[in-house]
Every structure is written in C-alpha cells, then in structure tokens.
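Thanks for coming. I have one structure to go through this morning, and I will take it piece by piece. Please have the sequence and the model open.

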Amino acid sequence: MWWTRLKALIVKEMLAVLRDPKSRAILIVPPVVQLLVFSYATTLDVKNADVMVLNHDRGQWGQELVRRIDGAPTISTIRFAQNPAAIRAEIDNQRVIAAVEIGPTFSRDIESGRPADVQIILDGRRSNASQIVAGYLSRIVTDLADDTPAGKRSASTAVTVVPRNWFNPNLLSQWSMVPGLVGIIALLIGLVVTALSIARERESGTFDQLMVSPLRTHEILIGKMTPPMIIGLLQISLFIAVAVFFFEIPFRGSLPILYGSAVFYLAAVVGLGLFISAMSMTQQQAILGAFLLMVPIILLSGFATPIDNMPHWLQPITLIDPLRYFLVIVKGVFLRDLPLSEVIDNTIPLALIAVATLSAAAWLFRRRLE
Amino acid sequence: MTCPNGSPGTRQDPDELVRFLDVGKRFGKGRPALEGISGTIDGGEITGLVGPDGAGKTTLIRLMTGLMLPDSGRIEVFGFDTRRDAARIHPEIGYMPQRFGLYEDLSVQENLDLYADLRGLPPAERPAVFQELLAFTDLKRFTDRLAGRLSGGMKQKLGLACALIRKPRLLLLDEPGVGVDPISRRDLWAMVKTLTAEGTGVLWSTAYLDEAEACDRVFLLNEGKLLFSGQPADLTGRVADRVFKMTGITGRRRPILAEMLDRDGVVDGVLQGEAVRLVMAANASIENATRGIAEGKVSVVPAAPRFEDAFVDMLGGGPGGRSALAETTARLDISDQRPVIEAHGLTKRFGDFTAADNITFDIPRGQIFGLLGPNGAGKSTTFKMLCGLLKPTAGEGRVAGFDLRRDTAEARNRLGYMAQKFSLYGDLSVDQNLDFFAGAYGLKNPLKRERIALLSDIFDFKTYRGMSAKDLPLGLKQRLALACAVIHGPDALFLDEPTSGVDPITRREFWTHINALVEKGITVLVTTHFMDEAEYCDRISLIYRGRSIALGSPDSLKASIATAAHPDPTMEDTFVALIGKFDEKSAA
C-alpha cells in the first residue's frame, strides 16, 4: 500500500522535472558548460604573464638575464622600460604583473665575483599571481647565478633541491579543480531542484491536495528526495566521464566507493534543499534561500582556499559543511586512491549532516501544518 | 457614405467615451482572444463587461488602456486612437487591474502616496484628495496597515481609491468583485454609483452574472465573441414568460431536477433552496414538461427571469440531468444515518486571534453542506481543519467516523478534495495526473487502470490524454480536477469554491455530477461565494468573525429575515441581513 503511494509520488516528481523539454535541458546543458568554463577559469597556474624589464646594465650578464626571462615558457611578453616612472605606470595600469630592474654594475659585479643585485617589483594587488611570478623569476635568476663563474665554482659543493610533486606531478591545477567542481555543481543543482519542489506546489495550490491525500509526511519527503538524488547521481556520473575522458585526469580510486559516499553527500544537500523549500512560501524565496546557503558552503569547503588558512574561530564552522568532506573524498579518489578508512571517516560526517538536515526539514514541514 | 451610426471616428454623442470597431486580437495559435467586437461606452453609466474566465474581458480592457494594440479594427478613447495617442488617453483614465494593482508590502497610506506620485498629483492637493478617498472607501482606520494584510474587500476598495487619485473620466475595473463577499461587493457598487452620478464612465468587468443585472448596459462576451450588447433587461426579456419555479416538493429534490433537465422543452434548470427553477424553450409547454411531477402538493409558478437564464438560453441551454459519473458509482448505504462529516467545537487560534471559535455541525450521509461567509471570517480555516490541512487548537473533526488527527490515513482515504484553482499538476498530462492521484490513494492495477479508463470515458478526455493539464481549456481542467478528486471513490467530497470563474454551462455540468453523486450517498462540504451555489446546499452555515452565526436550510435562513415588506429575499439579501443583525447585536 505505502509502496504504491510512494511510487506514484516518485514517478510524479520525476515527470515534474523531466517532462518539460526546457527543464530537461536545464539539468544537462548548463552544468556541463559550467564544468568546462569553471575548469578553465579557476586555474591557479600563471601562464602568459607580462613583465617589464629596466636594464641599466650594458654588460653581457644583463643581456643574458633578459634573454632567459624572454625565453621562459610561463612569460609571454616582455616590455622594456627606459626609466622607473614607466614601470610604475605599467604596473599601476595592470599591463604587467612584475618588473625586473637590473642595476648598472650587474655584469661588472658578476665578473669580479661581488654580489650582484636584481630588483623584482610585483603588483601586490594580485597577491597570489604575484607570488607565483616571483617564484618563476627567482628561479630564472638562480639558474643564471649557477652559470656565473662564481656559481660554477661553488656548484659542486652546494646542496641541490629537486622537488617532486606527488599525485599531480606537473602541478596542473585542473587536476585538483575538476574533481572539486564535480561536488560543487552537484550541490548547485541538487539544492535548487529540491528547494523549488515544495515551493512550486505551494504556489500552484497542489500542496494542499498532497496534504489531504493519504500520503504520510515521511512518504512525501522520501518522494521529494528521491528524484533529485537520482538526477544528482546521473550528473556526477556525467562529470566523472568528462573529467576522465575530456580533461584526462587520472581516476586512481574505486568508483563504487565514490558513489557510496556521493549518496550520503547528495542526501545532505537534498536535506538542506528540502529545509529551504519547507520554509519558503514562494519559488522566489526558495531560490534566494538556496543561493544564500550556496556561497558560504563553497567558500568554507576549502575548495578555493585551504581550511587551515582560515582564522581559528571560523574553522569549526566548516565542520558542518557537507562539501568540505565530499571534496576530500572526490579529490582523494580521483588523484590518490584514497583508502577506505579515510573515505569512511569523511562519509560519517556526511551521514550525520544528512540525518540532521532531513529531520529538520521533516520537523519544519510538519510544523507548517499547525 | 450614409451609415445610420455615422462614420467611425466622428463623435456625435458628447457623453461617448470609448468607441471600438470590429476589434480583433489573437495570442499565439488557437481561437482568437477577441473577434469582431464593436460598441461604445458612455459617461455617467456603469457598463458591464460580462463573461466567464477566458472570454476576453481583460484583453478588451487592456486594449482600451492602450497597453496592448488590436490586431484588427480600432479603438478610440475620448476620440483618440489608442494606436497613435495612447499618451493623451492615460491621464484621464483610471485602471484597476485584477491583481497586482497594489504593493502588498506597503501600507495603505504608502500605496496612496505612491499612486499620487505616479499620477503626478501636486502635493498641495494631496491632503484633501486622500481625505476624501479614505472617507469614501472607509479605510481611514487602516492607513498604517500593510495592503497585504487587508481583507479581499478592503483590498479592492484601496485599489479603487488608487485608481481614483486623479478623478478619471473613464474608470476601468477588471473584476473588482472577485474574492469579495456580498457586503463589500455592495459597498463597491455603491461607490461606483456615486462616481457615475458625477459623470464618470465606469466599465465593470465580471464573471458573476447577477452583477450584470445591476449595470446600465452590458457587453456579454463568450469565447472572444460578443454575444449581446445593450440593456440587461433586453437580454433577460428573451426568456420572459419562460421561467418557472416548482415549489412544494417534499422529499429529495435533486432527482426531480435531474429528471426535469432531461425532459423535452426544458432549456435549463437549477435548484433554488427547496424549489426547482426551470427555463423552458420558446413555445414549449410547461404543463407537458412537468406532467407526472407537478402533482399533489407540487405546484408550478412563473418566476422573474434572470440574466443567467438568458445567457444559458443563448448558449443553447444547459447540459442534461444525467451524470455518467454517478451512474457508475456504487450506491453507498444511505440508510446509515450516522453523520459522515462531523465538527465538534472546532477552534483555531493564531496567537491571540481566534480564526474559528467553537464551530459545531454534522453532515448526514448524502447531503450537501455549505460554508458561507465574508473573506477572512473563518470559513477557510474551518474547511481546512475538517479536511486535515490545519490542526485545530481545540475540538475535533471526523470524516466517516475517523478522527482526522488520530486515524489520519483512514480519514484521508475516505475524502476527496477539490480546490479553487483546480490544483492539478500543470506540467503533467491528463493521464499522468490521473495516474498520480490513483497511486497516491493506493489504487493498484488492475483496479487503477479500470478507474482511469472509466473516468476518462465519462469525462471525455480521450483526445486530451497526452496534453499537459495547464494547456487544457478551463472546463476540462474542472472536469479533470473532479475526476482526480473522486478517483478513489470517497465517502465525502470537500469542495473549496469549486466553480469560481467558470462559465454557467460548465458550472451546471459540475453540479449535475455533484447532485447525482449525492443521490448515491456521497456527502459534500462546499465553500462558495456564489449565492446560486448556496441554493444547492441542504444546509448552510454562515461563518462570521470566526463563529457560525446562522445554520439552517437555505429556505429557513431566507424565511428568518423575510419581512412583510420584503417577503421573498434572495440568498444575497439573507447573507447581508444576517451579518447586519449580528453586527447590531454585538454593538449593542
């Protein structure tokens, strides 16, 4: 008996989302476009940096440094300044991110074995990119220093550091971004689809119709949960396929494990969506509510900035962010075959969040009948 | 060119405000919204724009404001063509749209200020104008209240006040009577009358046909076509001497109505309390038609024709009296006299506001019970408590003997529910809607398939089965909503303003089904604004200020206020008088 009712409701909910060709397209096209656009847009690598050079030196070492900067693959164009004022203007207008000033005695100092000075000026407004460019430039300067007579003499005795990046050997930021985006876009769609579901029925008046039918509160909630979860899992599968076959990101972990934890992640997200939906009287309120939650969930998840970098008082709040746990799982399963024990450690909080949000939604839902 | 009406565009009558000539308008495919409409509107009169939802009333009004342009034909307002001179028309018209005319998050005064700004009323004139309008609309006490918190009637009064900020020469009112109880409706009507006395021309659009009778002239629209224009009495004249009332019926009157509707020569018939009201075809003999029924105590007397009688006659008469739905419904044991719907001391308090106070009644099997009352008086609250949508603060409601709170599932399985705006799933097809509601009530194949096939057959859904519910014509939406409400064979039907806005033919068809279902032992609770619908009820409770202030059969309520001067009051008179009496008593 209850199964007949529930099945009818699930079928109805699926039809409500999928019958209209427009809403069907909305579930597939924008998420894929978002995945592609975000993947390229949210890269942290600095490529194509423009730098300026002010070379006061007339010797060969100054020329050599300029050549090496010009030849570096990460630096696209190089401009030459005639005076320090030009540097100030170009950086101020953001036409270059950094400038290299080579002192007049640069070559002479090198030849005579004295310490030679190079100044690097950076645009502090773009702090992250500046740091990366500074890294590139100092690497070039260090390489040059090794080739100077003094550098060659000490090379045999100096300590050499050879960095190796595990899991992402070439430090491609897409490798860490795309798996994270899988979680974020699933959050976006899951939250909005569920948040709208009850609000839409309130607006059209069918909600009362539902409430006078023998469907129980928990049946209605299960019926409302199931379709977004099915859609969410399908979307996650699509994104995994795009990540593996289009972006060629390695998938080193176990697919069933990822799906297993995705179910709990989606349940947590859908619970939040239902809570918003039960609270909203109109679809407009529901959409606003969904966006209100979405931004902090993403910012506090550690997707853009590491949680360890956040102030200590803020860090405990991230503990109730479902995306935080799912990011660990999805990145881990993609890039390093996350061990089952760690998956479980991160899935238990997801399950707890799901239980909390779903019970809150059910409570609010019942209370609205008072 | 010698045309008796003069060539179009030249104004011969100084009072003439609007002239429309052969106006047509079409939205997308399908039938045109308006087709070949011609007519004039004069100052100093109330012109009724009458017709069911979807007839084209709003379109015609919007064409007059110049907000929309006609596809064919032309419209002149104050002699200006709406295509070229809309800007010269706007300052002198007042327009009150159906909804969204007010800013619900602003107070009454803020709404007035806003409209004064929009209309460019000089600040020096404002105090006097506001004073006058607030007095006129009797809203002075509520200037600080948010417009969203006003009752339906007060909202319409405020909307009217906003439309009158700069005294217009032409006032266009789009369904001002919707969702307004008879008392507020009479107030609005009186206000508009004082305006016409000052020479303003008023266009009052309505789906209530009884409002048409009070207009000076009417345009009757149906499906985009002008059926009639002229004085309402001219239209009702076409059924003069063809309207009768059968009185003195003892026992059940619904089967008599059904029988009469199928007899030759009967164009239309409705219940009117204990009596049956009939409209006969021209040249048909009432004696022949009532033979075998009008015997003994039952007598037939002529009755005054009404606008609705004429409208139905014009549309070719109402549907017959047979209900295929009821014929396939199993008869419930009607001898079981235990009440099917019971309300015992139902009380609902929101904070310190009592929305419903100790409401008690019960409805025996096979009866129709009506809840009547002004908006916000507590009738929806009572209705919602009885079908389980609201938890009562005190008291209890029972359906088929099951407590709504303790045996929720059993009680709900016994009730069918149909709401005002036919709450169907618009994105789902007809079949998918039926499928869902069958499933939600736990119907399993093959019974489920059988019920859906049967209902599709009865309601003639065949050609519409794959169509989305939102695209159905209004009449079919109504049928589908009824089909979904009875798919599980309920004992009790809860109808919340089930026929508001539908045309009289569809409304008759609906009541034919309900009447026949009631004869099969189904019990009905209905809320309604239509006084005609109240006449279908066996008993009525008039809810006012959260209390049931009168309870009884329509005829006994009418009799309770009848006076020597006014021996035969209408249901609306009764409603207004009973509330007036109550107010007097509580003031004393």
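I begin with a sheet in chain B: four strands form an open sheet in the order β12-β13-β11-β14, with antiparallel pairing. Keep in mind throughout that this is a predicted model. Which strands stand at the edges of the sheet? They are β12 (266-272) and β14 (299-302) of chain B, and each has a single partner strand, so one side of each is left without a neighbour in the sheet. On average, and with direction ignored, neighbouring strands here are turned by 25 degrees against each other.

One pairing in detail. Strand β11 of chain B, residues 243-247, pairs with strand β13 of chain B, residues 275-280, in the antiparallel sense over four bridges. Within that pair, Val243(B) stands opposite Val279(B) in β13(B). As background, strands of a sheet pair through backbone hydrogen bonds, either parallel or antiparallel.

Now the helices on this sheet. Helix α9 of chain B, residues 254-261, packs on the sheet and touches β12 and β13 of chain B. The direction of α9(B) makes about 170 degrees with that of β12(B). Helix α11 of chain B, residues 307-314, lies across β11, β12 and β13 of chain B, and runs at about 145 degrees to β12(B).

Further along chain B there is Val340(B), in strand β15, residues 339-350. Is Val340(B) buried or exposed? It counts as buried, because there are 27 C-beta neighbours inside 10 Å, and the cut-off for buried is 20 or more. Leaving out residues up to four places away in sequence, Val340(B) touches Ile363(B), Arg365(B), Val399(B), Ala400(B), Asp491(B), Ala492(B) and Thr523(B). For one of these, Ile363(B), the separation from Val340(B) is 23 residues in sequence and 6.0 Å in space, C-alpha to C-alpha.

In soluble globular proteins, nonpolar side chains tend to be buried together. The largest nonpolar core here has 240 residues, and those with the most contacts inside it are Leu172(B), Val524(B) and Leu525(B). Helix α8 of chain A, residues 173-204, gives the most to this core, with 17 residues. If we leave aside neighbours within four places in sequence, the contacts of Leu172(B) include Ile61(B), Met64(B), Ile93(B), Tyr95(B) and Leu203(B). There is also a second, separate core of 20 residues, which includes Val51(A), Ala99(A), Ile102(A) and Leu137(A).

That brings me to chain A as a whole. Its secondary structure comes to 14 helices and four strands. Taken along the principal axes, the C-alpha atoms of chain A fill a box of roughly 95 × 45 × 40 Å. Buried residues make up 36% of the 370 residues in chain A. Among contacts in chain A between residues at least 6 apart in sequence, 80% join residues at least 24 apart.

Methods: Residues are numbered from 1 along each chain as its sequence is written. Chains are lettered from A and ligands numbered from 1 in the order in which they are written. This is a predicted model: local features need pLDDT of at least 70, side-chain atom pairs count only at pLDDT 80 or more; totals for chains, interfaces and linings use all residues. Helices (H or I, at least four residues) and strands (E, at least two) are DSSP runs, numbered from the N terminus. A residue is buried if 20 or more other C-beta atoms lie within 10 Å of its own, exposed if 12 or fewer, and partly exposed in between; C-beta atoms are placed from the backbone. Two residues are in contact if their C-beta atoms, placed from the backbone, lie within 7 Å. Two strands pair if DSSP finds at least two bridges between them. Axes are lines fitted to C-alpha atoms, for helices over the stretch in contact, and angles run from 0 to 180 degrees between N-to-C directions. A nonpolar core is a set of buried Ala, Val, Leu, Ile, Met, Phe, Trp, Tyr and Cys residues joined through C-beta atoms within 7 Å.
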